[in-house]
Amino acid sequence: KAGEPKAATAKADAGSLPKRDGAKLYNEKTCVACHGKDAHTPILPEYPKLAGQSALYAERQMQDIKSGARSNGNTAAMKGVMFLVDDNEIRALAEYLSTLK
């Protein structure tokens, strides 16, 4: 949008996207396979428990893994599936995970 800062435009565009169902995405995008049905019992003890994570933190981690900014630890496994999700879906997943206890 002409005259608006990029950040404001991106925020407005993101707000106009349809809200995605994080619970449905968690299953569809194969998160459940490694992080467990409840996002609290991963298949390996070294995988993170995602339930209850801050939405902002979870979103940043997924974005960093997808972009390659984070490439330590077990991120190689995540990198292989991050192409399945777009920014709107990442946000929905992060919001969903933050609601789990």
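In which helix is the place of His35? His35 has its place in helix 3, where helices (H or I, at least four residues) and strands (E, at least two) are DSSP runs numbered from the N terminus. The model is a predicted one, in which local features need pLDDT of at least 70 and side-chain atom pairs count only at pLDDT 80 or more, while totals for chains, interfaces and linings use all residues. Residues are numbered from 1 along each chain as its sequence is written, and side-chain values use heavy atoms, with hydrogens and water left out.

**Surroundings of His35**

- With a relative accessible area of 8%, His35 is buried; buried means under 20% relative accessible area, exposed over 50%, and partly exposed in between, using a 1.4 Å probe and protein chains only.
- A polar atom of the His35 side chain lies 3.1 Å from the backbone oxygen of Pro48.
- Once its neighbours within four places in sequence are left aside, His35 is in contact (heavy atoms within 4.5 Å) with Tyr26, His40, Thr41, Pro42, Pro48, Leu50 and Met78.

- Side chains of opposite charge can pair when their charged atoms come close.
- A salt bridge is a side-chain nitrogen of Lys or Arg within 4 Å of a carboxyl oxygen of Asp or Glu, and by this rule the count comes to 4 salt bridges.
- Glu89 and Arg20 meet through their side chains in one of these, at 2.8 Å from N to O.
- Because Glu89 lies in helix 6 (residues 87-99) and Arg20 in the loop between helix 1 (6-16) and helix 2 (22-28), this pair ties together parts that are 69 residues apart in sequence.
- Glu89 counts as buried at 7% relative accessibility, whereas Arg20, at 33%, counts as partly exposed.
- Lys29 also forms a salt bridge with Glu89, and the closest N and O atoms are 3.6 Å apart.
- That pair links distant parts of the chain, with Lys29 in the loop between helix 2 and helix 3 (31-35) and Glu89 in helix 6, 60 residues apart.
- Lys29 counts as buried, at 18% relative accessibility.

- The side chains of Lys24 and Glu28 meet in a salt bridge at 3.8 Å, N to O.
- Both Lys24 and Glu28 lie in helix 2, 4 residues apart, which is about one turn of the helix.
- Glu28 has a relative accessible area of 43% and is partly exposed.

Technical notes:
A polar contact is a pair of N or O atoms within 3.5 Å; within protein, one must be able to donate a hydrogen and the other to accept it, and residues adjacent in sequence count only if both atoms are side-chain atoms.
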